[in-house]
Amino acid sequence: MISLFRLIVVALVTLVGIAAAQTSALAQTKPAVTTLGPDFPKTGIFIGNSFFYYNNGLPGHLSLMEKAADPDHKQDYRNTMATIGGSGFDWHDVESYFRPNAIGNYSFDDNNNVVFNKLDKLFDVAVMMDCSQCPIHPKLKSVFTDYAKKNSDIVRAKGAKPVFFMSWAYADKPEMTAPLAEAYTVAGNANNALVIPAGLAFARAIGKQPELNLYAPDKRHPSLAGTYLATCVVFAALTGRSPVGNSYLANIDAQTAAFLQNVAWETVQEYYGK
């Protein structure tokens with residue numbers, strides 16, 4: 001009986017090790033930028049598409065997670081999004097998003113009162129995501145490369161830091177994970193930009209717990225669990241803090257949320273080589 005138990009334990013440990021190794025191998029090029037510290041950002045604009053705005057918007061979940069982690073300074077955290085369904089880098093007029101007294105000029109407090117923000121600058125970071133296939137599409141990958149540089153230059157000129165959000169593979173096309181990870185990492189290195197490895201976190205979570213559904217029925221967009229996982233990865237990448245134990249659960253059951261928090265932290269630590 002004991003020998004059988006030991007065999008089961010060994011088998012489980014081996015399977016977990018294989019899953020982790022496979023996830024690690026998905027990103028061949030190593031990221032050059034691995035932190036935004038020591039001056040970690042507190043405000044951000046998320047420029048992208050429906051992957052960001054599904055489930056009431058990833059930036060809103062991020063703000064709630066940041067405030068839960070740092071309640072004494074919760075008024076300092078602010079995230080917003082500029083999204084167009086199906087959009088790529090080239091659809092967005094990034095210059096216009098930083099015009100004075102426009103996006104981010106006011107927001108709402110916990111009691112839904114309008115608060116006019118006193119801003120030295122609009123945003124600390126701009127988190128940008130291309131369309132779900134664009135970075136690896138034969139006709140669009142050169143556009144991805146060109147606009148990664150163009151938009152990064154604009155963001156820096158406005159006093160913010162460019163950040164790239166590595167999107168995930170479709171549920172029925174897991175082979176997208178590796179080339180997407182490579183494309184975003186290469187672009188991040190070319191533009192001295194942090195890359196958020198959300199796609200690798202999806203692959204890791206699926207490898208560990210395939211029965212947990214991270215996708216909407218269309219097999220592309222995120223379920224609430226998928227959005228929460230991506231939020232945890234963004235939180236870890238932007239703040240340098242672990243999401244493990246964070247009290248904001250987005251109405252997900254505690255066990256599932258804990259699993260996703262751990263997957264996010266493991267992925268970020270491994271991707272950044274820490």
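This is a predicted model: local features need pLDDT of at least 70, side-chain atom pairs count only at pLDDT 80 or more; totals for chains, interfaces and linings use all residues.
What is the volume of the second largest cavity? It is about 30 Å³.

**Stop 1: the largest pocket**

Select Ser63, Tyr77, Arg78, Asn79 and Ser107. Of the 42 residues that line the largest pocket, these are the closest to its centre. The volume of the pocket is about 1,100 Å³.

Now colour helix 3 (58-69), strand 2 (78-83) and strand 3 (106-108). Each of them supplies at least two residues of the pocket lining. Which element gives the most to the lining? Helix 3 does, with six residues.

Colour the lining by residue type next.

**Stop 2: the largest nonpolar core**

Nonpolar side chains tend to be buried together in soluble globular proteins. Look for that here. The largest nonpolar core has 74 residues. Select Phe98, Phe165, Leu229 and Leu238, which touch the most other members. Then show helix 8 (residues 224-239). The largest share of this core comes from helix 8, at eleven residues.

Zoom in on Phe98. Phe98 sits in the loop between helix 4 (94-97) and strand 3. Is Phe98 buried or exposed? It counts as buried, because its relative accessibility is 8% and the cut-off for buried is under 20%.

Show what surrounds Phe98. Setting aside neighbours within four places in sequence, its contacts are Ile45, Leu122, Phe123, Ala126, Val155, Lys158 and Ala160. Now draw a distance from Phe98 to Gly159. They are 61 residues apart along the chain, and their C-alpha atoms are separated by 9.7 Å.

Move to Phe165. Which residues does Phe165 touch, not counting those up to four places away in sequence? The list is Phe52, Leu58, Val127, Met128, Met129, Tyr184, Ile196, Ala198, Ala230 and Val234. Hold on to Tyr184. Tyr184 is one of the buried residues of helix 6, which is the next stop.

**Stop 3: helix 6**

Select residues 177-190. This is helix 6, with 14 residues. At 1.5 Å a residue, helix 6 should span 20 Å, and its end C-alpha atoms are 20 Å apart, so the two values agree.

Which residues of helix 6 are buried? They are Thr177, Leu180, Ala181, Ala183, Tyr184, Thr185, Ala187 and Gly188. An α-helix has 3.6 residues a turn, so residues three or four places apart point the same way. Look down the helix axis with that in mind.

Next, show the partners. The buried residues of helix 6 pack against helix 5 (141-157), strand 6 (161-165), strand 7 (194-196), helix 7 (198-208) and helix 9 (254-271). Step past the end of the helix to Asn192. Asn192 follows helix 6 and has a positive phi, near 50 degrees.

**Stop 4: helix 9**

Select residues 254-271. Helix 9 has 18 residues and should span 26 Å at 1.5 Å a residue; its end C-alpha atoms are 26 Å apart, which agrees.

Its buried residues are Thr256, Ala257, Phe259, Leu260, Gln261, Val263, Ala264, Thr267, Val268 and Tyr271. They pack against helix 6, strand 7, helix 7 and helix 8. Gly273 follows helix 9, with a positive phi near 70 degrees.

**Stop 5: the second largest cavity**

Now go back to the opening question. The count comes to two cavities of 30 Å³ or more. Select Phe89, Asp90, Asp130, Cys134, Leu140, Val143 and Phe144, which line the second largest cavity. How do these residues divide by type? Five are nonpolar, none is polar and two are charged.

**Stop 6: backbone exceptions**

Most residues other than glycine have a negative phi, and most peptide bonds are trans. Here are some exceptions.

Select Gly37 and Pro38. A cis peptide bond joins them, with omega about 5 degrees. Pro38 lies in the loop between helix 1 (2-25) and strand 1 (43-48).

Select Asn55, in the loop between helix 2 (50-53) and helix 3. Its phi is positive, near 60 degrees. At 26% relative accessibility, Asn55 counts as partly exposed.

End at Lys219, in the loop between helix 7 and helix 8. Phi of Lys219 is also positive, near 70 degrees. Lys219 counts as partly exposed, at 42% relative accessibility.

Terms used:
Residues are numbered from 1 along each chain as its sequence is written. Side-chain values use heavy atoms; hydrogens and water are left out. On a 1 Å grid over the protein atoms alone, a cavity is a set of points where a 1.4 Å probe fits but cannot get out, and a pocket is an open set with protein on both sides within 12 Å along at least five of seven lines; lining residues have an atom within 4 Å of a point. Grid points are joined across faces, edges and corners, and a volume is the space filled by probe spheres set on the points. Helices (H or I, at least four residues) and strands (E, at least two) are DSSP runs, numbered from the N terminus. A nonpolar core is a set of buried Ala, Val, Leu, Ile, Met, Phe, Trp, Tyr and Cys residues joined through side-chain atoms within 4.5 Å. Buried means under 20% relative accessible area, exposed over 50%, partly exposed in between (1.4 Å probe, protein chains only). Contact means heavy atoms within 4.5 Å. The expected span of a helix is 1.5 Å times one less than its number of residues. Ala, Val, Leu, Ile, Met, Phe, Trp, Tyr, Cys and Pro count as nonpolar, Asp, Glu, Lys and Arg as charged, and the others, Gly among them, as polar.
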